Structures are given as structure tokens and as C-alpha cells.
Amino acid sequence: MPTEARYQFVDPCFLASQTHRPKESLGIFRLLGILYLVTCCGAYATEEIVLAGGGPLVGILGLLILPWIWGVPTALGVAELATAMPSNGGVLIWINCAFSSSITCTTAASTMFMNVVDNAIYPNLFVDYLLEPQILGDQPLYFTCSLKVVVVLVACALNVSGVGAVGDVGMVFMILCLVPFVLLFCFGVPLLQPEHWLDYGKTGHVNWPKVISMLTWNLSGFDAAGHVVEEIKRPSKDFPTAVAGCLVLTTLTYLLPVLVGTSVNQ
């Protein structure tokens, strides 16, 4: 019997559009909360961008330009693929539709490895913030390790409880992250000194690899939203809208503190 007759090939693109869809529980605001958490969740590393850029000018220009040449194309590509192939397989389904199974397998393995390494960072960062002198201060090793385990367990319980709960918590954290930076900008408006934004080379030479890598990292993560596209009530409408809103909020989250901070802290 010919090899072709013994096996039935199932197109993953067809399968992605025909499989049973889970309960659609994500509206535009829940989705926006999830997107904001996986792409931004605060103006972190902006100080390093300014320092690596030799002053505010490179960082500010990067935050103004890179969203258009990096963030917008990525967001539009994710929105198009997610609405054309609404499967929670996300990027793996997209790659499997375009390339061979070996490339899909390699992508899955590298993605798993990246997530294991990347997700291990966040409990440590969270606990490090809590151990600042203004909050908990120095604590014994067993306390810090236990706190990190608690953070991991809470995150696991939240994911197991369902994507709706993740979306609700995402909205809350998005608001909690945005409010301090909005207040910082509002109170800092009278102190703005735009001439300081043009400073270049005052903190040393420009470390272009570091600047570019940190800027692109700060605007990455949109593809992760493809893994919840089946949970969205109106994918063709809500997904592109939420992606566009997240891109605007992310850019403002990074840009506004830099404008204020470089004016005040000279």
C-alpha cells in the first residue's frame, strides 16, 4: 500500500478553524488587561535605556519611533493571524501552517525553554521590590524563598481558575500600574524642562546594542495574546482594538516617566 494511503493528513489551519471553541469569556477590557500584562506592566528598564543612550535624547527618540517600526507591524501581524486562525495554539499553529513540522517542533521547544527561564525572573523581581528598605527591608533567606514560592503558587492558581479570572486580574493590575505613572506625569508637568530632553552623550557613549535590545524587549509580547484568541467574544473586532489600545498605553507608560524624570533629575 502506498505511504500516502496509510496516513490521513489533517491540515492544522483547517483544524484550527473547525475544533470546538471554549466558552468565550474575554471582552475587550479583559483582553486589554492581559495584553498589557504580557507586553508592558510598568515602565521598567527606562532608566537603563537613558543611561545606555548617553542621555535622554536617544531614549526618547527610540520610544517615539520604535513603536511604529517594530510595535505596530508586530501587533498588526498578530491581529491578522489571530483573527484568520482563531486557535489557542497561537504562534505554533501559525508556524505549522507556513513551515514544516520540524520547524514547528523546534519553535515549541525553544518557546518552552524561553518561558521557563523568563518566568523564573518575575518572582525574583517581585520579591526584590518587596525587600526594598522602604517596604520589608532585609529578611532571612527562608523568608524570601518562601515568598517566591507563594508568588508562583498564586500565579498557578490564577491560571487554573480560568482565563476570565486572568483577564479580571489583568485589568486591576493594568490600572494599578498606570495610575502611579499618570500621577507622576501630572505632578511633574510644571517641572518639565524640554531642553534637557535634547541632552546627548552626557552619561557616556551610546551603547547601541543595549539600547535597541531593551527597546525591542519592552515592545514585545503581543504574540502571547494569540493563545487566548478562542476565548474572545468577538475576535475580529475586539482583538485588533485591544492590540491598538495596548500599543498606545505601552508607549505612554514608557515615555511619560522618561519625559518627567529627565527634566527633574539632573
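Before going on, the model is predicted, so local features need pLDDT of at least 70 and side-chain atom pairs count only at pLDDT 80 or more, while totals for chains, interfaces and linings use all residues. Residues are numbered from 1 along each chain as its sequence is written, and side-chain values use heavy atoms, with hydrogens and water left out.

So where does S263 sit? You'll find S263 in helix 12, residues 235-264; helices here are DSSP runs of H or I with at least four residues, strands are E runs of at least two, and both are numbered from the N terminus. Skipping neighbours within four places in sequence, S263 touches L191, L192, Q193, H196 and W197, with contact meaning heavy atoms within 4.5 Å. S263 and E195 are 68 residues apart in sequence, yet C-alpha to C-alpha they are 8.3 Å apart.

Zooming out, the protein chain has twelve helices and zero strands. Buried residues are 36% of its 266 residues. Take contacts between residues at least 6 apart in sequence: 84% of those join residues at least 24 apart.

Now the core. The largest nonpolar core holds 51 residues, and L31, L35, W94, F222 and F239 have the most contacts inside it. By nonpolar core I mean a set of buried Ala, Val, Leu, Ile, Met, Phe, Trp, Tyr and Cys residues joined through side-chain atoms within 4.5 Å. Which helix gives the most to this core? That's helix 12, with ten residues. As for L31, leaving out neighbours within four places in sequence, its contacts are V228, I232, D238, F239 and A242.

Last stop, helix 10. The expected span of a helix is 1.5 Å times one less than its number of residues, so the 26 residues of helix 10 should span 38 Å, and the 37 Å between its end C-alpha atoms agrees with that. Its buried residues are V163, G164, V166, G167, G170, M174, C177, L178 and G188.

How values were computed. Buried < 20%, exposed > 50% of the residue type's maximum accessible area, 1.4 Å probe, protein only.
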